[in-house]
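Me: I have a structure to go through. Can you take my questions on its fold one by one?
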Amino acid sequence: MRIRSHDPEWEGPRADLEVAASAPKGNYRAAVVGCGRMGSTIDDEHVGKPHYPWPWAHAPAIQEARNVELVAGVDFDQRRLAYFGERWGVKALYTDLREMVAKEKPDIVCVTTGPVERAEAVVGLAEAGVKAIYATKPMCRTPAEADEMIEVCRRTGTILAIAAHLNWYAPYTNAKALIDSGELGQLRSMVCQSPLPLSNIHSHTLCLFSLFVGAPAKWVQGHMDDPEAAKTNEDQSGSGMIGYENGVLGFLNSHVPWRTWTMEFNCERGRVFTRNHHAWFELWGRGEQELDGEFQRQFPFPWRPRSSMTDAIEGVARSIEAGVEESCPGEFGREALEIGIAIRESFHSGARMNLPLQDRNLRLGGY
Ligand SMILES: NC(=O)c1ccc[n+]([C@@H]2O[C@H](COP(=O)([O-])OP(=O)(O)OC[C@H]3O[C@@H](n4cnc5c(N)ncnc54)[C@H](O)[C@@H]3O)[C@@H](O)[C@H]2O)c1
């Protein structure tokens, strides 16, 4: 008799066990520092828009995550703080992050302040003893600030994850698993076509590049869209070519239609396209013979499409258990910032900029 999945003798894959295995093993207390849009309400702006699964905001993502409880909020702004408490049913509300850590003892703290306050908040939380910090993007304003954030977290044994949450988005992680399996041959280049600003939005793009390429960026050649704006430290759009240590090339092309965002991961025998702000994914293969051309294959969509922010919160909890952050560590956020700055500096000098940047005080964005 054929044994099927409803038979107790079934020894094939178990969907319930697969789902359970992806959850953090322990139970975690989490808090949000910065109870504004990203910390709390940004999903209100996406009601009725089909591009990307919610929640994006950190508070509801914590509430959806398995084995993670939202226990506290921190904001200078009393009005926002009170609304945060009301909206998410949180009673422990503070205006000082150190006091919150001392009293609430959270394991995971989301930092959803603006970039100006990010470095100080991350350093304060690490020194106060939290196990993991999940800080939104852009990581900060200067490479020097990023160095300090990474160094303090290393010294205190704090997991530092940057919330470039596409790095946890299951269609991307499935695409990466497919590429890592070798089925498409070696990764050769990564291309992003988008006119969005280098620091704020391309933090996401460049952290994804870091995840896929698995090697540090060594040099950058850049072009800025507005030469006058490029004389300032304002966040702005530009194009660039990035050389990674393993020979893979990255390209940012900003000369494309307004507010578009598409990406390509090109391998020897196939490629992944992501279109329309991560709303659609395609997998194309290359035939063996010269005239076979390219053919579309079934993209490995995830078994359960979920919010990348929820998966990221659970991922950060699992990083505490593993003792290491691999999806989007502070080093990815720092590299993204340095590439953005290097595109601008290369435009001014006309030469390639080598990474890491020598001048750690160069700044991009974050006013
Ligand atoms: N998809 C994404 O990943 C995404 C989307 C939107 C915004 N963001 C990022 O989120 C960050 C915040 O943007 P926003 O639009 O939510 O701003 P916001 O002004 O709405 O919220 C920031 C909040 O942080 C509070 N704050 C600042 N410093 C603080 C401190 N030290 N302690 C306590 N509270 C503090 C402010 O009072 C404010 O309420 C930005 O870096 C932005 O780039 C990310």
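Me: How are helix 7 and helix 11 oriented to each other?
Reply: This is a predicted model. The axes of helix 7 (residues 143-156) and helix 11 (residues 330-349) come within 10 Å. They cross at roughly 175°. Angles over 145 degrees count as roughly antiparallel, so the two helices are roughly antiparallel.

Me: How do the residues of the contact of helix 7 with helix 11 divide by type?
Reply: Helix 7 brings Pro143, Ala146, Met149, Ile150 and Cys153. Helix 11 meets them with Gly330, Glu331, Gly333, Arg334, Leu337 and Glu338. Gly counts as polar here. The division is six nonpolar, two polar and three charged.

Me: Which are the edge strands of the open sheet of nine strands?
Reply: The pairing in this sheet is mixed, and the order is 14-13-12-11-7-10-9-8-15. An edge strand pairs on one side only. That describes strand 14 (294-297) and strand 15 (353-354).

Me: Which strands does helix 8 touch where it packs on the sheet?
Reply: Helix 8 covers residues 170-180. Its direction makes about 15° with that of strand 11. The strands touched are strand 7 (187-193), strand 11 (262-267), strand 12 (270-275) and strand 13 (280-286).

Me: At what angle does helix 9 run to strand 7?
Reply: Helix 9 spans residues 202-213. It lies across strand 7, strand 9, strand 10 and strand 11. Its angle to strand 7 is about 170°.

Me: What is the bridge partner of Gly240 in strand 10?
Reply: Strand 9 (residues 238-244) pairs with strand 10 (residues 249-253). The sense is antiparallel, over four bridges. In strand 10, Gly240 has as its partner Leu252.

Note on methods:
Residues numbered from 1 in each chain as written. Predicted model: local features only at pLDDT ≥ 70, side-chain atom pairs only at ≥ 80, totals over all residues. Pairing = 2+ DSSP bridges. Contact = placed C-beta atoms within 7 Å. Axes fitted to C-alpha atoms, helices over the stretch in contact; angles between N-to-C directions. Parallel < 35°, antiparallel > 145°, perpendicular 65-115°, else oblique.
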